[in-house]
Amino acid sequence: MTEMQVRLCLRRLVSEGALEQVGGRGRRAEFVTRGDSASQILPELEYLHFAYRQDAGLEPWDGRWRLVGFSVSEDRRAARDDFRDRLLYFGAAPVHGGLYVSPHALGEVVVTEAERLGIAETLAMMESDRLSLGGVTDPRELAGILWPLASVARGYEDFLGRLERRLGRAKVDVEGSGPDVGAGDVFATTLEFARAIEPDPLLPPELLPERWSGVRARRRLADARGMLAGLELGDRFPTLFDWLAAIDGGSVDGGAAVTAGASGSRG
């Protein structure tokens with residue numbers, strides 16, 4: 001980006017209330033996030049903890065499918081569309097127009113959203129240990145049909161490629177003979193990971209392809225955290241990245257009380 005593009009972007013973020021300028025001018029300007037602006041661009045900690053716990057085999061799938069059905073009239077289209085968006089956000093997949101499915105127990109969050117939108121009376125929920133779509137019953141095949149796993153995998157692979165290039169520069173920099181790698185690299189890594197994990201429904205390992213790129217990306221990020229955090233950033237290390245502290249072995253040792261019943265619930 002050009003310097004002017006960066007200035008315009010910062011100006012817009014300030015006007016929208018996402019950032020506040022707290023000192024300096026020009027290249028020395030300093031900004032801090034305001035309100036919940038950080039939470040809008042970072043993976044929620046509960047969601048992140050669940051991902052790592054699931055990767056470690058601490059959140060096994062119980063083999064049951066949860067189905068959510070609803071029927072909302074056209075005059076309440078806004079509520080209907082909002083509810084659909086929330087189901088997708090929670091990692092559910094559409095089966096037919098008003099029928100969604102998830103391997104996770106989303107009952108509580110789904111009911112809460114339906115009540116918020118005033119459509120709880122149209123809600124139907126059920127569980128089954130068998131699901132068939134067009135004659136397909138194998139859970140892993142069903143997951144490949146229901147969720148855009150190939151697209152999610154490409155996002156993770158793109159993140160891994162960028163991370164490896166950045167770590168290569170960081171390693172050279174630590175040895176004192178390479179380009180500067182600092183807070184900007186941590187910032188970029190954080191946002192790139194957020195973009196990669198956002199569309200991931202965090203399906204149980206039993207439903208995913210072998211050597212799933214999401215597991216590899218999260219593991220590599222955990223490995224990279226030490227190198228990125230070990231750079232001499234001093235007090236320039238942004239508090240925006242406090243959540244990186246969760247990306248280590250401790251994140252799967254019960255540091256967060258995340259259960260399968262809360263999985264996929266990002267807020």
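**Salt bridges and helix faces**

D62 and R66 are joined by a side-chain salt bridge, with N and O 2.6 Å apart. The model is a predicted one. D62 is partly exposed at 45% relative accessibility, whereas R66, at 13%, is buried. Across the whole structure, a search finds 22 salt bridges.

**Other salt bridges**
- R162 pairs with D158, and their closest N and O atoms are 3.1 Å apart.
- These two residues lie 4 apart in helix α6 (residues 149-174), so about one helical turn separates R162 from D158.
- R162 is partly exposed at 35% relative accessible area, and D158 is partly exposed at 44%.
- R220 and E164 form a salt bridge through their side chains, at 2.6 Å from N to O.
- That pair links distant parts of the chain, 56 residues apart: R220 belongs to helix α8 (residues 213-230) and E164 to helix α6.
- R220 is partly exposed at 27% relative accessibility, as is E164 with a relative accessible area of 36%.
- A network of salt bridges links E74, R77, R80, D81 and R84.

**Helix α3**
- Helix α3 (residues 77-89) has 13 residues and spans 18 Å from first to last C-alpha, close to the 18 Å expected at 1.5 Å a residue.
- Its residues A79, R80, F83 and L87 are buried.
- The buried residues of α3 fall within an arc of 100° seen down the axis, so they line one face of the helix.
- Their cover includes β3 (65-69), β5 (99-102) and α4 (107-117).
- G91, which follows α3, has a positive phi near 95°.

**Helix α5**
- L142, A143 and L146 are buried in helix α5 (residues 139-146).
- They cover an arc of only 100° around the axis, which puts them on the same side of α5.
- D138 caps the N-terminal end of α5, with a side-chain oxygen 3.2 Å from the backbone nitrogen of R140.

Definitions and conventions
Residues are numbered from 1 along each chain as its sequence is written. This is a predicted model: local features need pLDDT of at least 70, side-chain atom pairs count only at pLDDT 80 or more; totals for chains, interfaces and linings use all residues. Side-chain values use heavy atoms; hydrogens and water are left out. Buried means under 20% relative accessible area, exposed over 50%, partly exposed in between (1.4 Å probe, protein chains only). The arc is that of the directions from the helix axis to the C-beta atoms. A polar contact is a pair of N or O atoms within 3.5 Å; within protein, one must be able to donate a hydrogen and the other to accept it, and residues adjacent in sequence count only if both atoms are side-chain atoms. The expected span of a helix is 1.5 Å times one less than its number of residues. Contact means heavy atoms within 4.5 Å. A salt bridge is a side-chain nitrogen of Lys or Arg within 4 Å of a carboxyl oxygen of Asp or Glu.
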